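Come along and check each entry against the picture.

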Amino acid sequence: MPKAVLSVDFDSARNAMVEDQIKHRGIFDKAVLRALLQVPRHLFVEPEFLSRAYSDSALPIKEKQTISQPYIVALMTQSAMLKADHRVLEIGTGSAYQAAVLAEIVKEVYTIEIVESLAQTARDRLRKLKYKNVTVRHGDGYLGWQEKSPFDAILITAAAPKIPQLLIDQLKVGGRMVLPLGESRGSQDLMVLTKLKDGSLKEEFIAAVLFVPMTGEIRQ
Ligand code: SAH
């Protein structure tokens with residue numbers, strides 16, 4: 001099939017995704033909607049799942065990991081209440097789809113992936129797509145990214161069994177952490193934690209979600 005025809009199909013699939021899956025479920029932040037219309041999700045999925053790139057589900061990527069469901073990416077992004085001048089840290093780069101969505105909205109994105117091959121693929125993909133404001137690091141996100149802290153927001157896209165205090169320390173006062181909190185068996189609570197002036201956290205439950213486990217030091 002000629003390339004132009006294919007890309008038109010993907011464009012209309014992406015528009016339909018935002019209309020049918022995102023807008024009707026309470027995503028109203030214009031910057032988030034714009035970002036989802038912009039990022040070519042079909043270039044972040046494995047070739048065998050190309051036809052399902054804009055479907056309402058998470059999909060397998062390499063190394064037994066997943067690219068999150070579009071709605072969950074939208075919900076986490078909206079919940080972070082981002083502004084254009086923000087610096088954001090993401091833990092769990094995976095396909096880099098969430099990182100690209102963030103990069104459409106904020107000034108700087110830092111993302112950490114514990115599986116080296118995924119970090120490398122993500123880096124290559126973001127370079128090809130000309131996302132110049134995202135930096136990918138291979139490592140354990142539990143330790144955060146001290147040199148680039150403090151962050152306006154931190155998104156964790158793997159299930160965390162507990163609140164990672166080291167990451168809270170790298171959050172600005174007033175900053176928000178969005179994370180799936182709970183054991184990796186069964187569902188987790190998608191939570192928004194806001195860091196208050198006295199260092200304590202305001203905790204809000206957003207939804208029940210299903211994420212792959214956060215691995216590494218947090219399990220020790
Ligand atoms: N945000 C991704 C989906 C994440 S899947 C996307 O948009 O595609 C969760 C990812 O978190 C996996 O790639 C997994 O390898 C990674 N991960 C798990 N534990 C981690 C840790 N401690 N530090 C960094 N990455 C981690």
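**Entry 1: two helices crossing.** I started with H3 and H4, whose crossing is right-handed. This is a predicted model, so I treat every value here as computed from it. H3 covers residues 70-79, and it packs against H4 at an angle of about 40°, with the axes 11 Å apart. That angle makes H3 oblique to H4. Next I looked up who makes the contact: H3 brings Val73, Met76 and Thr77. From H4 come Tyr97, Gln98, Val101, Leu102 and Ile105.

Entry 2: H2 passes H4 in a right-handed crossing. On the H2 side, the contact is made by Ala31, Val32, Ala35, Leu36 and Gln38. H4 answers with Tyr97, Val101, Glu104 and Ile105.

**Entry 3: how covered is H4?** I asked myself how many of the nine residues of H4 are buried. I found eight, so H4 is largely enclosed by the rest of the structure. The buried ones are Tyr97, Gln98, Ala99, Ala100, Val101, Leu102, Ala103 and Ile105.

**Entry 4: a tyrosine in a loop.** I went looking for Tyr131 and found it in the loop between H5 (116-128) and E5. Is Tyr131 buried or exposed? Its relative accessibility is 12%, and buried means under 20%, so Tyr131 counts as buried. I also looked up Ala103, which lies 28 residues from Tyr131 along the chain; their C-alpha atoms are separated by 7.1 Å. Setting aside neighbours within four places in sequence, I listed the contacts of Tyr131 as Val39, Pro40, Ala100, Ala103, Glu104 and Leu126.

**Entry 5: strand E3.** I moved on to E3, residues 87-91, and found it mostly covered, with five of its five residues buried. Which way do its residues point? Arg87, Leu89 and Ile91 go one way, while Val88 and Glu90 go the other. I remembered the general rule that side chains in a regular strand alternate between the two faces of the sheet.

**Entry 6: the neighbours of E3.** I counted the bridges on each side. Five join E3 to E4 (residues 108-113), and these two strands run parallel. Val88 has Val109 as its bridge partner in E4, and Arg87 stands opposite Glu108 in E4. Toward E6 (residues 151-156) I found four bridges, again with parallel strands. There, the bridge partner of Leu89 is Ile154.

**Entry 7: the whole sheet.** I stepped back to see where E3 belongs. What is the order of the seven strands in this open sheet? I read it as E5-E4-E3-E6-E7-E8-E9, with mixed pairing. The edge strands are E5 (134-138) and E9 (201-209), each pairing on one side only. On average, neighbouring strands are turned by 15° against each other, direction ignored.

Note on methods
Residues numbered from 1 in each chain as written. Predicted model: local features only at pLDDT ≥ 70, side-chain atom pairs only at ≥ 80, totals over all residues. Heavy atoms only, no water. Buried < 20%, exposed > 50% of the residue type's maximum accessible area, 1.4 Å probe, protein only. Pairing = 2+ DSSP bridges. Axes fitted to C-alpha atoms, helices over the stretch in contact; angles between N-to-C directions. Parallel < 35°, antiparallel > 145°, perpendicular 65-115°, else oblique. Left-handed = near helix turned anticlockwise from the far one by under 90°. Contact = heavy atoms within 4.5 Å.
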